[in-house]
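Work through these exercises with the structure open beside you. Try each task before you read its solution.

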Amino acid sequence: MLSAAHDILSHQRAPRNQSHVDPDPTLTPHNSSSRFDCNSVSTAAVLLADILPTLIIKLLAPLGLHLLPYSPRVLTSGICAAGSFILVAFSHSVGTSLCGVVLASISSGLGEVTFLSLTAFYPRAVISWWSSGTGGAGLLGALSYLGLTQAGLSPQHTLLSMLGIPALLLASYFLLLTSPGLQDPGGEEEADTAARQPLINSAAAESKPGSSSHLSLQERWTVFKGLLWYIVPLVLVYFAEYFINQGLFELLFFRNTFLSHAQQYRWYQMLYQAGVFASRSSLRCCRIHHTWALALLQCVNLAFLLADVWLNFLPSIYLVFLIILYEGLLGGAAYVNTFHNIALETRDEHREFAMATACISDTLGISLSGLLALPLHDFLCHLS
């Protein structure tokens with residue numbers, strides 16, 4: 001959805017008889033007195049629609065989401081994902097499209113908190129696999145949207161072609177994923193795979209000894225305080241990178257290139273996701289304990305690109321491409337190392353709660369960045 005943000009907002013400038021946005025629109029700046037080619041609304045609006053429902057879900061999750069079994073959560077996530085693609089694809093207005101983005105946010109937030117909690121019942125190495133998988137999902141989404149629209153497919157038909165993904169999610173969970181009940185959480189031994197049963201007919205995850213379902217409020221508060229060392233740096237990393245992605249990407253517009261504004265935005269999103277995927281898959285090669293250093297470097301990235309938007313000193317879009325790739329590398333490394341460190345340093349009975357709580361970090365940072373990116377967009381787009 002974030003890769004399609006520029007196209008979603010371009011509905012406001014598309015002819016009314018079109019049910020989708022032209023894949024390569026030639027647009028005049030909304031504000032002719034500005035040196036930026038601005039939409040009337042920042043792509044941060046799409047970011048907020050994409051993240052605020054997720055934030056609400058993650059804030060409430062530690063309080064009672066554990067009472068709901070995993071299978072209904074996953075089913076709800078899959079249905080919301082499919083609904084979001086359909087609603088945005090057939091939308092005729094920005095408002096309706098944003099409602100579709102909200103459905104995608106519900107799917108993403110519920111899915112992330114559910115599967116991260118579920119990792120507590122599997123070997124710790126699953127954290128690396130989860131991070132690599134989510135990084136790959138971001139890259140696949142951005143790359144497929146870029147590739148299909150570049151090939152001439154309309155954004156509407158591109159979104160409809162994604163409907164197989166929610167079906168694949170549900171099939172993989174209900175048909176392929178197996179009960180964690182007989183697995184060693186440390187990953188030293190593996191039970192006979194033939195003895196494991198599908199989760200759809202099993203309550204193993206809900207009833208396994210070591211589940212955090214019965215932690216007292218005092219215990220939860222104690223665990224939360226211990227997590228702050230990891231939560232705060234991850235909030236800063238995601239604040240900086242999504243301020244760049246949804247606040248600055250559409251303003252980093254180069255007129256001296258063969259790429260249109262919409263195409264430039266899609267390339268930015270794809271390169272960012274490529275960096276995220278590479279670093280989220282690097283845990284076995286490189287482990288970082290001091291994640292605050294990654295937060296500092298990401299804030300430097302933000303300051304540098306904000307200065308370029310203001311002063312326009314970078315001569316080539318290819319330099320921006322490299323910086324965005326580097327930005328993705330920092331973000332992915334912060335994510336995978338944060339959750340890996342938490343998995344290593346929390347007690348077994350606290351791990352499910354710790355994972356569900358820590359996953360609010362990225363969402364909180366993204367929400368704050370969206371709130372600040374909106375007024376920045378309006379300010380810069382009214383500069384002459």
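The exercises go from the whole protein to single residues.

This is a predicted model: local features need pLDDT of at least 70, side-chain atom pairs count only at pLDDT 80 or more, and totals for chains, interfaces and linings use all residues. Residues are numbered from 1 along each chain as its sequence is written, and side-chain values use heavy atoms, with hydrogens and water left out.

**Exercise 1. The overall build**

Task: Describe the secondary structure, burial, contacts and surface of the protein.

Solution: 
- Step 1. Start with the helices and strands. Helices (H or I, at least four residues) and strands (E, at least two) are DSSP runs, numbered from the N terminus. The protein has 14 helices and 0 strands. Its pattern along the sequence is α-α-α-α-α-α-α-α-α-α-α-α-α-α.
- Step 2. Turn to burial. Buried means under 20% relative accessible area, exposed over 50%, and partly exposed in between (1.4 Å probe, protein chains only). Of the 384 residues in the protein, 55% are buried.
- Step 3. Look at contacts, meaning heavy atoms within 4.5 Å. Take those between residues at least 6 apart in sequence: 82% of them join residues at least 24 apart.
- Step 4. Accessible areas come from the Shrake-Rupley method with a 1.4 Å probe; for residues, only the protein chains shown count as cover. The protein has an accessible surface of about 16,300 Å², and carbon and sulfur atoms account for 68% of that.

**Exercise 2. Confidence**

Solution: 
- Step 1. The protein has a mean pLDDT of 81, and 81% of its residues reach 70 or more.
- Step 2. Confidence is highest in helix H11 (residues 292–311), at a mean of 95, and lowest in helix H8 (residues 204–207), at 45.
- Step 3. Draw the lesson. Where pLDDT is low, the predicted coordinates should not be read in detail.

**Exercise 3. The second largest pocket**

Task: Which helices and residues line the second largest pocket?

Solution: 
- Step 1. On a 1 Å grid over the protein atoms alone, a pocket is an open set of points where a 1.4 Å probe fits, with protein on both sides within 12 Å along at least five of seven lines; lining residues have an atom within 4 Å of a point. Grid points are joined across faces, edges and corners, and a volume is the space filled by probe spheres set on the points.
- Step 2. Give its volume and centre. The second largest pocket has a volume of about 330 Å³. It is lined by 18 residues, and the closest to its centre are Leu-59, Pro-62, Phe-224, Phe-353 and Thr-357.
- Step 3. Name the helices. H2 (44–64), H9 (217–248), H13 (348–358) and H14 (360–381) each supply at least two lining residues. H9 gives the most, with 8.
- Step 4. Sort the lining. Nonpolar means Ala, Val, Leu, Ile, Met, Phe, Trp, Tyr, Cys and Pro; charged means Asp, Glu, Lys and Arg; the others, Gly among them, are polar. The lining has 14 nonpolar, 2 polar and 2 charged residues.
- Step 5. Check H13. This helix is largely enclosed by the rest of the structure, because 9 of its 11 residues are buried. Phe-353 and Thr-357 are among its buried residues.

Notes:
pLDDT = per-residue confidence, 0-100.
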